[in-house]
Amino acid sequence: MTWTVSPERFDSPDAALLRRDYYDEVASRYWGRPATVAEIDEGLTDDGAERLVPPTGEFVVGRFEGKATACAGLFVLDADIAELTRVYVRPEARGTGGGGLLLAAIEDLARAFGVRQIRLDTRNDLVEARGLYAKHGYREVPAFHRRQYAEHWFAKEL
């Protein structure tokens, strides 16, 4: 079983489908019911993904056994800090190491941008995500913003 992770445009067919699946899962979990197509479309509209390209960021796609199965994004906020976003591994591939590989790839890209710290926010119900971040050296920190849906904040020094 092999993983590959590489940069890819956020709007490539595989990346766009992964972003859609990501939003479907986080919205459905939040609302406690399946998200509708219209809700997913609305959530993806003006979501800032266009910043996930150099020099303001990057997007990676993870392939498990050659199939696009995971993704993550990086927004460069300033010369020292970047934000990790849209971390997603399809359910059938969870537990195979893909999440850690996504984080490692994003951290390498952040270093290439000269970033010294990656930070992120997540929600209470995304327990698996919080576990992944803690396992890979992200520490919970005080809130660095007050956006809707943010309930936990993490950071990692590179």
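**Strand pairing and helix crossing**

Modeller: In this predicted model, 5 bridges join E1 to strand E2 (residues 57-64), and the two run antiparallel. Strands here are DSSP runs (E, at least two residues), and helices likewise (H or I, at least four), numbered from the N terminus.

Biologist: What makes E1 and E2 a pair?

Modeller: Two strands pair if DSSP finds at least two bridges between them. E1 and E2 have 5 bridges, so they pair. In one of these bridges, Ser6 has Val61 in E2 as its partner.

Biologist: Why is one side of strand E1 (3-7) and of strand E6 (139-141) left without a neighbour in the sheet?

Modeller: The open sheet has 7 strands in the order E1-E2-E3-E4-E5-E7-E6, with mixed pairing. E1 and E6 stand at its edges with a single partner strand each, so one side of each has no neighbour in the sheet.

Biologist: Why are H1 and H2 called roughly perpendicular?

Modeller: The axes of helix H1 (residues 13-31) and helix H2 (residues 37-44) cross at roughly 115° and come within 10 Å. Axes are lines fitted to C-alpha atoms, for helices over the stretch in contact (heavy atoms within 4.5 Å), and angles run from 0 to 180 degrees between N-to-C directions. Angles of 65 to 115 degrees count as roughly perpendicular (under 35 roughly parallel, over 145 roughly antiparallel, the rest oblique). H1 and H2 are therefore roughly perpendicular to each other.

Biologist: How is the model to be read?

Modeller: Residues are numbered from 1 along each chain as its sequence is written, and side-chain values use heavy atoms, leaving out hydrogens and water. Local features need pLDDT of at least 70 and side-chain atom pairs count only at pLDDT 80 or more, whereas totals for chains, interfaces and linings use all residues.
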